[in-house]
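Student: I would like a close look at a single part of this protein. Please take the aromatic rings and whatever surrounds them.

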Amino acid sequence: MKITAIEAHPLRVELREPFAFSQWTFHQRQTTLVEVRTDQGVTGWGEAYGPALPNASAVRDFFAPMLMGRDPRDTEALWHFLFARSLDYGQKGTMLAAISALDIAFWDIKARAAGVPLYRLLGGAETESIPCYATGFYFGGDEKLETRFAREAEGYLAEGFTAMKMKVGLGVERDAVLVAAVRRAIASSARLMIDANHAYTATEAIALGRMVEPHHIGWFEEPVSPLDIRSYLEVKRRITIPIAGGEAEYTRFGFEPLLRRRAVDYAQPELCACGGISEGMKIATLASIYGVHVTPHAWGSAVGLAAALHFYAALPGPPATLTPPQKLIECDRTENPLRAEIVEAPVRFHGGRLYVPQGMGLGVEVRSAALPRFQ
Ligand code: CA
């Protein structure tokens, strides 16, 4: 089997209602889908997380020409070939997002050619569905946040969610009030996590952590800068809430110190950025050595979500006990037409769980005809 064409599709959609988190306001969603075609009629799709045009250019202008004629089923060989070619220019960021998209598309092709869902090639699925948490509670709008957050929380409960994650990063005092409001709204009906998107210094993160500890927080995500492992360790030492992070980290080489030093309790690789399926599996193996849970970051289109589900379904669970903690995967609830409208059937959500697609490959069928609308 030979690669005959690679197309990058940078996609963008304006939002009806902009929303903000601790770093900036989103007015649009964007992502890049990558389509790899072969001489045997099998086509695979991948996704690159991050700024669409730079990622698309890295795929189209840099990597694609060197891949023509290669067999896409040689996933490991191709990963190292691409990584070696870009190592001198970008060990994190755009180059890795591009490699991630290509790697996911190669795995999609490999599984389709074998006639099986992708998880079968990764070791098999432990379960057919995975509990997920609603990612929401963004800032913005005219309504008082306490009121909107309470209503949003009740909405997630009504949809069947048993876990949800709220944004923090508006300032320690303000955050503490909002966390209390959400906890009050859901009582003990759901797990609650918080995500600062590295808004804080260690001192501030510790102060917030201590204020919200009574609200039984499942994890405190990206409390401090991803560049500052010492602050991660300091926060971890001084609060009892587990720490999560890693969505801004790349490859096994980037994750290794975070895991070895136990800077996080939950590692959150983004499959569409960290290096794809091939590298995600290696990061997960490292995490298992150091006793760190893995819970994939998933904030893209249906393609990226499907990739995360196959990957996560195939990972061994936590150390065996009679009542092991369940895996928990991210389920973005913000406005994003790229999540559902670009595939034939969106990833199935029911009863607080996401179902691993059972079709061949990634198990989601991209509707090429739907893409021009977003280009
Ligand atoms: Ca996050």
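Tutor: Start with a definition. A charge sits over a ring if NZ of Lys or CZ of Arg is within 6 Å of the ring centre and within 35 degrees of the ring normal. The model is predicted, so read each value below as computed from it.

Now apply the rule. Arg 29 lies over the face of Trp 299, at 3.6 Å from the ring centre. Lys 327 is placed over the face of Tyr 312, and there the distance to the ring centre is 5.3 Å.

Stay with Trp 299. Its relative accessibility is 10%, so Trp 299 counts as buried, the cut-off being under 20%.

Next come the ring pairs. A pair of aromatic rings is described by the distance of the centres and the angle of the planes. The count for this model is 18 aromatic pairs. One of them joins Tyr 138 to Trp 299. The centres are 6.2 Å apart, the planes make an angle of 35 degrees, and the pair is tilted. It links distant parts of the chain, 161 residues apart. Tyr 138 sits in the loop between β4 (129–136) and α5 (145–159). Trp 299 sits in the loop between β10 (293–294) and α11 (302–314). Tyr 138 has 6% relative accessibility and therefore counts as buried.

A second pair to inspect is Trp 219 with Tyr 266. This one is also tilted, with 4.8 Å centre to centre and 45 degrees between the planes. Trp 219 belongs to strand β7 (residues 217–221) and Tyr 266 to strand β9 (residues 266–267), so the pair ties together parts 47 residues apart in sequence. Both Trp 219 and Tyr 266 are buried.

Strand β1 (residues 3–20) and strand β2 (residues 25–38) run antiparallel, joined by 13 bridges. A hairpin of 4 residues connects β1 to β2. Ile 3 has Thr 38 as its bridge partner in β2. In a regular strand the side chains alternate between the two faces of the sheet.

β2 also pairs with strand β3 (residues 43–48), in the antiparallel sense, over 6 bridges. Arg 37 stands opposite Thr 43 in β3. The hairpin of β2 and β3 has 4 residues between the strands, and Gly 41 takes a positive phi near 80 degrees there.

Notes
Residues numbered from 1 in each chain as written. Predicted model: local features only at pLDDT ≥ 70, side-chain atom pairs only at ≥ 80, totals over all residues. Heavy atoms only, no water. Pairing = 2+ DSSP bridges. Helix = DSSP H or I, 4+ residues; strand = E, 2+ residues; numbered from the N terminus. Phe/Tyr/Trp six-rings, centres within 6.5 Å; stacked < 30°, edge-to-face > 60°. Buried < 20%, exposed > 50% of the residue type's maximum accessible area, 1.4 Å probe, protein only.
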